[in-house]
Amino acid sequence: MSPEDEAGVYEIRIHGCTNTEEALALQAPIERLLCPDPDHAPPCEVPWSFTLAGQEADSTALVLGVYTSRGQAAQVAERVRTLVGEKRPVAVSEGEAEDWEELVEQYRFERGLHSERGGPEQ
């Protein structure tokens with residue numbers, strides 16, 4: 001398996017939001033983009049979660065965490081970029097698993113893998 005195919009945590013940052021409310025308003029459309037059928041049987045094709053970064057007076061970024069391959073993360077970022085438009089820059093980078101523990105656990109649970117807290121091994 002090449003490094004391109006190995007699953008890991010990636011962060012897709014949507015910049016250009018003027019405040020927290022504007023950033024949070026992007027969550028629902030991005031959720032529908034990633035998961036058009038919220039009642040589907042697990043696992044999710046790409047496990048995901050949100051957080052905020054840079055919550056300052058004039059600059060907030062919505063951060064979409066995904067657990068997938070590097071190539072799939074780039075594809076998701078491109079889909080998000082198309083959704084949010086040119087006025088909001090979208091960047092993808094490797095994330096730290098420790099910062100996204102719930103996302104990592106979701107990935108492991110949905111695939112029947114053991115976590116470091118116990119259960120089947122990866």
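## Basis

In this predicted model, local features need pLDDT of at least 70 and side-chain atom pairs count only at pLDDT 80 or more, while totals for chains, interfaces and linings use all residues. Residues are numbered from 1 along each chain as its sequence is written, and side-chain values use heavy atoms, with hydrogens and water left out.

## Overall fold

The protein chain has four helices and four strands, taken as DSSP runs numbered from the N terminus (helices H or I, at least four residues; strands E, at least two). Along the sequence the pattern is β-α-α-β-β-α-β-α. Of the 122 residues, 36% count as buried (under 20% relative accessible area, with exposed over 50% and partly exposed in between; 1.4 Å probe, protein chains only).

## Nonpolar cores

A nonpolar core is a set of buried Ala, Val, Leu, Ile, Met, Phe, Trp, Tyr and Cys residues joined through side-chain atoms within 4.5 Å. The largest has 22 residues, and Ile14, Ile30, Leu62, Leu64, Val66, Val76 and Val80 touch the most other members. Strands E1 (8-17), E2 (48-56) and E3 (59-68) and helices H2 (27-34) and H3 (70-84) each give two or more residues to this core. H3 gives the most, with five residues.

A second, separate core of nine residues includes Val9, Val63, Trp100 and Val104.

## Helix H4

In helix H4 (residues 101-110), the buried residues are Leu103, Val104, Tyr107 and Arg108. They lie on the same side of H4 because they cover an arc of only 135 degrees around the axis, judged by the directions from the helix axis to the C-beta atoms. On the other side of H4, Glu102 and Phe109 are exposed. Just after H4, Gly112 takes a positive phi of about 70 degrees.
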